[in-house]
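This briefing concerns the helix packing of one protein. Please consult the sequence and the structure shown below while reading.

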Amino acid sequence: MERHRHIFPFVATIAGVALYSLMDALMKESTLAVGAYSALLLRSAISFALIGPAWRLTRKSRPSARTMRLHWLRGAVLTAMAFTFFWGIARLPLAEAIALAFTAPLIALYLAAWMLGETVSRRARIASLLGLAGVVVIGAGRMRMPAADPEALWGAASVLLSSILYAWNLVLQRQQALLAKPGEVATWQNGVMLVLLIGFAPIALHLPDGPALLHIAGASLLSLAAAMLFAWAYARAEAQALVPLEYSGFLWAALFGWLFFSEGVGWPVLTGAVLIVIACWIAAPRKRPEPAAV
């Protein structure tokens with residue numbers, strides 16, 4: 001049994017990716033039913049209600065002023081990122097949206113260079129061009145489709161905007177990891193999102209029916225479960241070994257898109273996804289990052 005334990009982090013990572021993809025499918029269902037705003041607001045409220053009390057009971061001290069500023073900034077970025085992503089996937093096939101979202105790590109390279117002073121290597125620049133080629137292939141395929149679905153172009157633009165915001169989030173996440181533990185991060189992430197969104201409730205909130213509410217609650221539970229699986233896995237195996245498994249999200253998205261929405265995957269999306277995944281593989285660091293002091 002002992003010699004097979006090294007397999008468990010890989011299984012946990014694949015399971016986490018699958019849960020996140022299933023969460024995306026449930027949130028797409030919910031967005032189609034009540035809109036991206038209402039689905040996101042209710043998911044944030046449920047997640048905060050689940051994680052907030054646990055963090056408060058176990059916290060040892062209050063966050064510092066510097067940490068609080070970072071919590072609020074990242075919470076605001078995540079709010080915009082999540083809204084644009086869920087708004088976009090309601091207008092795109094899931095697999096296509098996930099393929100476009102894979103550009104985030106490439107964008108993060110340049111944001112990290114700008115915000116943290118990191119150097120963008122020649123390998124990373126080549127990877128960026130390859131990733132851009134993948135986006136162009138997907139976009140060209142979308143442009144050749146019948147004009148009966150014009151909102152899909154806006155959906156693709158929204159997902160790409162979400163990818164830029166997610167890349168910014170990755171940079172902020174690196175800074176946040178030095179100052180706060182995962183339970184605190186998850187609590188404030190959902191709490192800030194809830195505070196920022198709730199002010200629009202009187203004019204924008206559409207209350208879901210029973211099935212839609214169950215989908216939103218399920219999405220909340222899936223996101224928390226996936227986050228715990230990732231935390232467990234990344235504490236037990238090297239990041240460079242686990243990160244490639246996250247690209248299985250495209251396959252899971254294709255599966256759940258087919259099961260939930262009868263969506264197919266065309267050659268432009270498949271080709272573009274392969275180019276983007278290869279680009280991310282080229283750009284990925286080859287050494288395990290030093291553990292953050294928390």
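Which handedness, left-handed or right-handed, does the crossing of α1 and α10 have? The crossing of α1 and α10 is left-handed, a crossing being left-handed if the near helix is turned anticlockwise from the far one by less than a right angle, and right-handed if clockwise.

This is a predicted model, in which local features need pLDDT of at least 70 and side-chain atom pairs count only at pLDDT 80 or more, while totals for chains, interfaces and linings use all residues. Residues are numbered from 1 along each chain as its sequence is written, and side-chain values use heavy atoms, with hydrogens and water left out.

**Overall architecture**

- The secondary structure of the protein consists of 13 helices and zero strands, where helices (H or I, at least four residues) and strands (E, at least two) are DSSP runs numbered from the N terminus.
- Of the 294 residues, 44% count as buried; buried means under 20% relative accessible area, exposed over 50%, and partly exposed in between (1.4 Å probe, protein chains only).
- The protein exposes about 15,300 Å², of which carbon and sulfur atoms supply 70%; these areas come from the Shrake-Rupley method with a 1.4 Å probe.
- Among contacts between residues at least 6 apart in sequence, 89% join residues at least 24 apart, contact meaning heavy atoms within 4.5 Å.

- Helix α1 (residues 8-34) and helix α10 (residues 210-234) pack at an angle of about 160°, with their axes 8 Å apart; axes are lines fitted to C-alpha atoms, for helices over the stretch in contact, and angles run from 0 to 180 degrees between N-to-C directions.
- α1 and α10 are therefore roughly antiparallel to each other, given that angles under 35 degrees count as roughly parallel, over 145 as roughly antiparallel, 65 to 115 as roughly perpendicular and the rest as oblique.
- The residues in the contact of α1 with α10 divide into 23 nonpolar, six polar and one charged; Ala, Val, Leu, Ile, Met, Phe, Trp, Tyr, Cys and Pro count as nonpolar, Asp, Glu, Lys and Arg as charged, and the others, Gly among them, as polar.
- The axes of α1 and helix α12 (residues 249-261) come within 9 Å and cross at roughly 40°, which makes α1 oblique to α12.
- α1 passes α12 in a right-handed crossing.
- Residues of α1 including I14, V17, L22 and L32 meet residues of α12 including W252, A253, F256 and F260.
- The contact of α1 with α12 has twelve nonpolar, two polar and two charged residues.

**Helices α2 and α3**

- The axes of helix α2 (residues 36-58) and helix α3 (residues 65-89) come within 9 Å and cross at roughly 130°, which makes α2 oblique to α3.
- The crossing of α2 and α3 is right-handed.
- A36, Y37, L40 and R43 of α2 make the contact with T79, A82, F83, F86 and W87 of α3.
- By class, this contact of α2 with α3 has seven nonpolar, one polar and one charged residues.

**Helix α4 and residue A95**

- Seven of the eight residues of α4 are buried, so α4 is largely enclosed by the rest of the structure.
- The buried residues of α4 are L94, A95, E96, A97, I98, A99 and L100.
- A95 lies in helix α4 (residues 94-101) and counts as buried at 4% relative accessibility.
- Leaving aside its neighbours within four places in sequence, A95 is in contact with F250, A253, A254, V265 and V269.
- The C-alpha atoms of A95 and G257 are separated by 6.9 Å, although these residues are 162 residues apart along the chain.
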